[in-house]
Amino acid sequence: MGSESMASCKPSTGILNFLLISLLDSSLIVSCIASKFYQEFDITWGNGRGKILNNGDLLTLSLDKASGSGFQSKKEYLFGKIDMQLKLVPGNSAGTVTAYYLKSPGNSWDELDFEFLGNLSGDPYTLHTNVYSQGKGDREQQFHLWFDPTAGFHTYSILWNPKLIIFSVDGKPIREFKNLESIGVPFPKKQQMRIYSSLWNADDWATRGGLIKTDWTRAPFTASYRNFNADACIWSSGRAACPSKNSWLWKQLDATSLQRLKWVQKNFMIYNYCTDTKRFPLGFPPECSVNM
C-alpha cells in the first residue's frame, strides 16, 4: 500500500463512508473509515501546541524549547487493527522523538510502541519498536525506512489479536510478536489500551546516544497526522464490543507476508535485542527462539 492509499477516505453526509481496500496479501486488508480527530482524540498537553485542523481531518503536534505536545484517544481498545498516517518532522530533527503507541493504565501495564527518533538533515530517521507485557519491555527492534518519512504521509499500523502483534508500515509487516505464554512469556491480552502520541525533546539519548543535541533555532518542530482508523474491539463498561466483521481477530502472517517481513528485516533492521550478545551474555530471552 502506498503512502496515499487512505487519502481518499471521506465521510458522506450523516454517515461515515466505509471503504475496504484489498491488498495483494490477504492478511493485510485495510478497512478505511474517515474518523474525525475531534471525535476520536483529546489533545492532552502542550498549551496550544497540538491542533486539530481542516474540519477535523488533520492533527498536528509541535515542539519548541518551552514544551512539546501530545494527544490520546477518547476510547480504549482490546484487540484490533489500528492505522494512522504520519508525516514526521522534516529537516534537522535531531533530538526530537515522535511517539505513537498503545498503552494500558496501571503499574503492570501493556504497551505497543512506535517511536521515531529524529536525526540530522540527510540522515535517516530511526524507527524504534517495543512490546511491553505486564510492565516488562526491553524488547527493542529498530529500523531505517525505505522512504523519506518527512516528504509525505505514510501509514503505520498495529494489528493486535490474541495470537500475535504485527507492526506494519505502508502495509508491509516489519515486526511480529507471537503469543508465547506456553513457554512463560507474558502476552498483552487482558488489559485494554488507549492510543497516545506525543512530540517531545529527548536530546539526552535520541540521536546518536545523545551526542547530537536539538537545534532550537529550527523550532517549532511539527509532526502531522491524518486518516486514523480503528477497526477494533472498543472497551466500555468492563467489556469489549467487537465489530461483527473482524478479519484481523485471528489473523496470522501467510507465506507472502512472511517473505515481506524477512525482506524488511534483512535490509532495514538496524537493531534486534534478540541478537545482542553483549546485552544477553547468558542467553537470549525465551521469545527470541520463535519471534521474528
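**Exercise 1. A nonpolar surface patch**

Identify the residues that make the nonpolar surface patch of about 240 Å² in this predicted model, and classify the exposure of isoleucine 43.

*Solution.* Step 1: the patch is made by Tyr38, Ile43 and Ile52. Step 2: isoleucine 43 belongs to strand β3, which covers residues 41-45. Step 3: the relative accessibility of isoleucine 43 is 33%. Partly exposed is the class between under 20% (buried) and over 50% (exposed). Isoleucine 43 therefore counts as partly exposed.

**Exercise 2. A glutamate in a helix**

Determine whether glutamate 40 is buried or exposed, and list the residues that it touches.

*Solution.* Step 1: glutamate 40 is placed in helix α1, residues 37-40. Step 2: because its relative accessibility is 10%, glutamate 40 counts as buried. Step 3: leaving aside residues up to four places away in sequence, glutamate 40 touches Ser35, Gln72, Ser73, Lys74, Lys75, Tyr77 and Phe228.

**Exercise 3. The largest nonpolar core**

State how many residues the largest nonpolar core has, and which of them have the most contacts inside it.

*Solution.* Step 1: the core has 59 residues. Step 2: the residues with the most contacts inside this core are Met84, Phe114, Tyr156, Trp160, Ile165 and Tyr225. Step 3: strand β6, residues 69-87, supplies the largest share of the core, namely seven residues. Step 4: take isoleucine 165 as an example. Beyond residues up to four places away in sequence, the contacts of isoleucine 165 include Leu112, Val131, Trp160, Phe177 and Phe187, and also Arg175 and Glu176. As general background, nonpolar side chains in soluble globular proteins tend to be buried together.

**Exercise 4. Aromatic pairs**

Describe the geometry and exposure of two aromatic pairs: phenylalanine 41 with phenylalanine 71, and tryptophan 216 with phenylalanine 221.

*Solution.* Step 1: the count of aromatic pairs comes to 19. Step 2: phenylalanine 41 and phenylalanine 71 are edge-to-face, at 5.0 Å centre to centre with 80 degrees between the planes. This pair links distant parts of the chain, as phenylalanine 41 is in strand β3 and phenylalanine 71 in strand β6, 30 residues apart. Both phenylalanine 41 and phenylalanine 71 are buried. Step 3: tryptophan 216 and phenylalanine 221 are also edge-to-face, with 6.1 Å centre to centre and 65 degrees between the planes. Tryptophan 216, at 22% relative accessibility, counts as partly exposed, whereas phenylalanine 221, at 3%, counts as buried. Step 4: ring pairs join Phe41 and Phe71 with Phe37, Tyr225 and Phe228 in a cluster.

Note on methods: Residues numbered from 1 in each chain as written. Predicted model: local features only at pLDDT ≥ 70, side-chain atom pairs only at ≥ 80, totals over all residues. Heavy atoms only, no water. Patch = residues over 30% accessible without salt bridge, like charges linked within 9 Å, V, L, I, M, F, W, Y side chains within 5 Å. Areas by Shrake-Rupley, 256 points an atom, 1.4 Å probe, with all protein chains shown as cover. Salt bridge = Lys/Arg side-chain N within 4 Å of Asp/Glu carboxyl O. Helix = DSSP H or I, 4+ residues; strand = E, 2+ residues; numbered from the N terminus. Buried < 20%, exposed > 50% of the residue type's maximum accessible area, 1.4 Å probe, protein only. Core = buried A, V, L, I, M, F, W, Y, C linked by side-chain atoms within 4.5 Å. Contact = heavy atoms within 4.5 Å. Phe/Tyr/Trp six-rings, centres within 6.5 Å; stacked < 30°, edge-to-face > 60°.
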